[in-house]
Amino acid sequence: MPDWRSEISRTFAPLHLSPSREAWVVTELEQHLEQHYADLLAQGISEAEARSTALAGLDNHDLLRELRNLPKDEITVHPGQAGAGFWDELGLDIHFAFRMLGKDPGFAAMAILTLAIGFGANTAIFSLLNTVLLRPLYPNIQRLLVLEDVPLSARKQKLNMNYKMSYPIYLSWKEQKDIFESVSAITAQGPSLTGMGEPERLQAAFVSSDLLPTLGISPMLGRGFRPEDEPYSAPPVVLLTAGFWRSHFNSDRGVLGRKLTLNDQPFTIIGVLPESAQLVSFTGVLFDIVEPLREAPESAVLGFNHLFVIAKLRPGLTQANALQAIQSRVLAVNKNFSRERDIQVIPLEFYLTSEAKPLVLILFGAVAVVLLITCANTANLLLARGAARDKEMAIRVALGARRARLVRQLLTESLLISVFGGALGLFGMWMTQTWLSKLLADRLPPGIHVQVNASVFMFTLGLVVGVGTIFGVLPSLQGRSKALRERLSQGGKLSARPVSHRVRNVLVVCEIAFSLALLAAAGLLLRSFVRLMNVDKGFDADHVLTLRIWPSPTRYADPQKYIAYVNAILQRTRALPGVKAAGWASCLPVSGSCITGDFEIEGRPSNSHNMIMGAKQLVSGDYFRAMHVRLLSGRFFNEHDKTDSAPVAIVDQAFAEQYFGHENPIGKHIDFGWGGNAFAEIVGVVGEVKESLAERANPTVYVPLAQRPAVVGQLAFSLAVRTAYEPNEAARSVRDAIHQTDSTQIIEAVQAMDEVVDKSVSSRRAPLWLFGGFSGIAAFLAAIGIYGVITFYVAQRREEIGTRMALGAQRNDILRLIMSHAGKLIAAGIAGGLIVTLLAVRALQSLLYGTKPYDGPTLLVICVLLSANAFLACGVPVFRATRVDPQVVLRNE
Amino acid sequence: MTKLNELKKGSAELLILALIELRARHGYEISKLIEQRSAGELKFNAASLYPLLYRLEQRGCIEGRWVEKANQRRRRYYRATAAGRKILRQQRGVWSAFVAAVNQIIGADYAGLAL
């Protein structure tokens, strides 16, 4: 074969091309001539002739002239197919990345799973943050205010209660048209639905006709309410929510004009609300139907504070200005009703989200930490792999690969892992969103769910790309191509880069530190939860069955008939075998739904600045005995406390201490309100019963149900039955007892009192579960992290260990060598974690009960657990290290 | 053949662009294809082909890349760029119009029959 290269070089010598340019042209032409020559030979032409024919092809002056003007171009090598464009290359990169991942499925699975956990947790909590805090709940929500009619003492005593407004006061605020564009009211009741199969209790909202427009809700079918629907005498109409329309009318569009029998009264269906309509609910329930606010004369009275009032400011009025204007009207409003009350103004957005906000932010902080840990772990995995791929990279650089090309390849790989992780995380979140929504339901404004939507998707995408990019670029930054070439010249042996090793140690320390912080948070939550469950509730929930009824206000419109009805139920229930005591109460303990109001004590001039406030309870029968409420002095109510007998009352210890001090309340007289004009004699003092486990008991006054006939029809009553056996087994017979009295009576919320208690703390269970989950994940990832680092450490030191053992070192010495390294990392992690914990744990304060954020024993237990976990993770590599055979290692050297 | 060779100069760029319109080819492949498809009527030697390629590349009509394939030395492959494909489209139109006009005049009603 002729030496084409020298022939061509000779031709080009006079051109003085730059070496790289010459190399290019010479190579290209050489290949051309070579192939031409080979073809000619194949045609049977002699070697000499073929050579001269091929060389003749070079003989052209154009060639030299053109070459002088050659475009600048560096010689670059592209792997793979001919003519790869950007997209082809991308395809190649992805293909290659898949192959690389497939080669090391353990690594790929670990990295993808780790990231999926991090991404999934973050996506879930971001979706909460998005619905709770970022997305406006209602249009113009900054102009919406909640107005509360509060006693003057409320502000002074800083009672953290929600107050409602009575109908006359609401009307007078409605008149302040220079401040408010609209003032709307909403209240809730549970009417019974009959005539459509089984009788059932619905959740109904009663709204003023301007409420729906104020909240930006308009019916998707039919019409909304008009002012003429509001008078009590107006023909009754009703709007259906989308859910109710679907479940009861099969989404029939012909539903308009049909009748719904509510509380034995026909209501005309005038419209259906859209699925997206979310009515503000202060009761935390989702409504089935919406009725106009048709106030009955008896409930439209001063003092019956049952309306939740939402005002919309006139445009252009700032909240601060409005506040001033509102305050200036309080006097005028009070004067009209000759009373002294104050107004409390709360921005609606704050009202709806203030409870959920700290929790969501804390959770977001926690998942950010989980993400950091997953990132640290993935970085660790990638670094370990980067070390193993040094040789590959070095070879590719030596072959002429540009740095940018290598970075791109690594980037594709890490993005691929990230995308898989993100997809898996999103899928996992999508699978669990209903569960999560349920878990957090008590802490979120009603109707708000954990939900994947466009912005959540974008958030995840951002995370995926961000994390993928960082991980793609990082390892390549530390692998300088020059250093790589040097490494290749050393024989391409796998050797630790000191920098990478240090980085990995730091990462593991951080992982341990962050998981400690999360574990500590979970520990504190668990401790306060246990404290809470063991708190003195003031009653005994064991072996108590509860259920609620709300007798039809039409059928039992006569209060005496009503009272006779509930008494009859009581008689039948008491007669059941195994029933020890039974009684009615207008609100159950720990259900947090007691109505608060003001009282007057005889002989004390009513002073509006020092109002007597407390929860009002109507009870009957053996309610106290059924609940095992302690009697401190005096007596319980008995069968002689009837409608027409002398009015009596029982106060609890909190009420006695707060308003009677050292005086004995027994024999004193108190005005309970609610229709009884006479002062009632206090006949007993009972122990405090908690309305909420975590809060101090509200001062409470109890009166016999029979002595307040004016209001019984407005209230739902709960029956408490103490049984000798499992309370849920009694449910059937108690139900029958009620239905024997009235077969159409709806019975709801049948549950053991234990369950009621359990539900009341469910809002505390959610953060506990989530933190428990997050910290468990974190500890697991930290264990994997330290496992990886120690494994690598041992692998690197195999020779050293072999040599030491050959020189007489014992297994224990080796054990000490490795364990001291692991110990240093763990100790540093724990120390760092304690600092992080002490800095961050204060944020948890609002979620704790009876536990200080700096709880020594909890922290100690957590530190011990985490260290044990980390040392356990080192077990396998350490075991491997002590099994190193010095002979084998030394022979390999 | 000589006469045809005179014709080819103006149309050489068109020929090259047409060959690398859909897939990238190296220099020798291009010259070989021109020779084969014209049944030996058209021939480019190295000295006339490469300057053409370099000029086309400089003008941005084609793009050359060094490509490595398994068990082969790296080779320079050329493919038409978007600009090159646009020129090719234009020239194709001009060329067929020209051929049709010439055929009209010299009386061959079907180019295939004339050959």
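A residue is called buried if 20 or more other C-beta atoms lie within 10 Å of its own, exposed if 12 or fewer, and partly exposed in between, with the C-beta atoms placed from the backbone. So take A:Arg630: with 16 C-beta neighbours inside 10 Å, A:Arg630 counts as partly exposed.

Okay, some housekeeping. This is a predicted model, where local features need pLDDT of at least 70 and side-chain atom pairs count only at pLDDT 80 or more, while totals for chains, interfaces and linings use all residues. Residues are numbered from 1 along each chain as its sequence is written, and chains are lettered from A and ligands numbered from 1 in the order in which they are written. The model scores ipTM 0.81 and pTM 0.65.

Back to A:Arg630. You'll find A:Arg630 in the loop between helix H20 (623-627) and strand E18 (631-634) of chain A. Helices (H or I, at least four residues) and strands (E, at least two) are DSSP runs, numbered from the N terminus. Leaving out residues up to four places away in sequence, A:Arg630 touches A:Val686 and A:Gly687; touching, or contact, has C-beta atoms, placed from the backbone, within 7 Å. There's also A:Gly538, 92 residues away along the chain, with its C-alpha atom 7.3 Å from that of A:Arg630.

Now chain A as a whole. It has 29 helices and 24 strands, and of its 893 residues, 41% are buried. Take contacts between residues at least 6 apart in sequence: 83% of those in chain A join residues at least 24 apart.

What sits in the largest nonpolar core? It has 98 residues, and A:Leu518, A:Ala521 and A:Ile786 touch the most other members. Helix H13 (residues 356-388) of chain A gives the largest share of this core, 17 residues. By nonpolar core I mean a set of buried Ala, Val, Leu, Ile, Met, Phe, Trp, Tyr and Cys residues joined through C-beta atoms within 7 Å. If you click on A:Ala521, its contacts are A:Ala366, A:Phe771, A:Ser775, A:Val841 and A:Leu844, again not counting residues up to four places away in sequence. Another core, of 68 residues, lies apart from that one, and A:Phe539 and A:Val712 are among its members.

One helix pair to show you: H5 (residues 86-103) and H15 (residues 403-440) of chain A pack at about 65°, with axes 9 Å apart. The axes are lines fitted to C-alpha atoms over the stretch in contact, and angles run from 0 to 180 degrees between N-to-C directions. On the H5(A) side the residues include A:Phe96 and A:Met100, and they meet a set in H15(A) including A:Arg408 and A:Leu416.

And chain B? It has five helices and three strands, running α-β-α-α-β-β-α-α from the N terminus on. Of its 115 residues, 30% count as buried.

How confident is the predictor about chain B? Its mean pLDDT, the confidence in each residue from 0 to 100, is 78, and 83% of the residues reach 70 or more.

How values were computed. Contact = placed C-beta atoms within 7 Å.
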